[in-house]
Amino acid sequence: MLVNCKRCGKLMLQNPSSCCENCSLYYDETYREIRRFLSAHPQVNAYEVHRETGIPLSVVLELMRSS
Ligand SMILES: [Zn+2]
């Protein structure tokens with residue numbers, strides 16, 4: 001079944017992550033970056049992670065929620 005990637009909107013085959021291959025890679029790398037940042041700065045909130053790393057706030061919130 002074809003669906004649109006939830007991040008970039010590209011048409012793709014449905015998969016459990018709901019994102020295309022490119023976006024899955026992006027999320028993997030971004031997730032690692034956020035984990036690294038949080039382990040160095042455990043007290044920060046999502047907005048501070050966004051401000052310090054430049055990762056879009058919506059992505060930070062989504063990845064912090066699922067961690
Ligand atoms: Zn995508």
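S58 counts as exposed, with 11 C-beta neighbours inside 10 Å; on this scale a residue is buried if 20 or more other C-beta atoms lie within 10 Å of its own, exposed if 12 or fewer, and partly exposed in between, with C-beta atoms placed from the backbone. S58 sits in helix 3, where helices (H or I, at least four residues) and strands (E, at least two) are DSSP runs numbered from the N terminus. From S58 to R32 it is 26 residues in sequence and 16 Å in space, C-alpha to C-alpha. All of this comes from a predicted model, in which local features need pLDDT of at least 70 and side-chain atom pairs count only at pLDDT 80 or more, while totals for chains, interfaces and linings use all residues. Residue numbers start from 1 along each chain as its sequence is written.

As for confidence, pLDDT is the predictor's own score for each residue, from 0 to 100. The chain has a mean pLDDT of 94, with 99% of its residues at 70 or more. Helix 2 comes out highest, at a mean of 97, and helix 3 lowest, at 92.

The overall layout comes next. Three helices and two strands make up the chain, and they run β-β-α-α-α from the N terminus on. The C-alpha trace spans about 40 × 15 × 15 Å along its principal axes. Of the 67 residues, 6% count as buried. Taking contacts between residues at least 6 apart in sequence, 15% join residues at least 24 apart; a contact here means that the C-beta atoms of two residues, placed from the backbone, lie within 7 Å.

Now for the helix pairs. Two packed helices are described by the angle between their axes and the distance between the axes. The axes are lines fitted to C-alpha atoms, for helices over the stretch in contact, and angles run from 0 to 180 degrees between N-to-C directions. Angles under 35 degrees count as roughly parallel, over 145 as roughly antiparallel, 65 to 115 as roughly perpendicular and the rest as oblique.

Helix 1 (residues 21-40) and helix 2 (residues 46-53) have axes that come within 11 Å and cross at roughly 110°. That makes helix 1 roughly perpendicular to helix 2. On the helix 1 side, E33, I34 and F37 meet V49, E52 and T53 of helix 2. By residue type, this contact divides into three nonpolar, one polar and two charged, where Ala, Val, Leu, Ile, Met, Phe, Trp, Tyr, Cys and Pro count as nonpolar, Asp, Glu, Lys and Arg as charged, and the others, Gly among them, as polar.

Helix 1 also packs against helix 3 (residues 57-65), at an angle of about 75° and with the axes 10 Å apart. That makes helix 1 roughly perpendicular to helix 3. T30, Y31 and I34 of helix 1 make the contact with V59, V60, L63 and M64 of helix 3. Six of the residues in this contact are nonpolar, one is polar and none is charged.

For helix 2 and helix 3, the axes come within 9 Å and cross at roughly 130°, and the two helices are therefore oblique to each other. Their crossing is right-handed; a crossing is left-handed if the near helix is turned anticlockwise from the far one by less than a right angle, and right-handed if clockwise. Here A46, Y47, V49 and H50 in helix 2 meet L57, V60, L61 and M64 in helix 3. The tally for this contact is seven nonpolar, one polar and no charged.

M64, in helix 3, is partly exposed, with 15 other C-beta atoms within 10 Å. Leaving aside neighbours within four places in sequence, M64 is in contact with I34 and A46. M64 and L38 are 26 residues apart in sequence, and their C-alpha atoms are 9.8 Å apart in space.

P56 lies in the loop between helix 2 and helix 3 and counts as exposed, with 11 C-beta neighbours inside 10 Å. S18 belongs to the loop between strand 2 (11-13) and helix 1, and is partly exposed, with 14 other C-beta atoms within 10 Å. Most residues other than glycine have a negative phi, and most peptide bonds are trans. The phi of S18, however, is near 65°, a positive value in a residue other than glycine.
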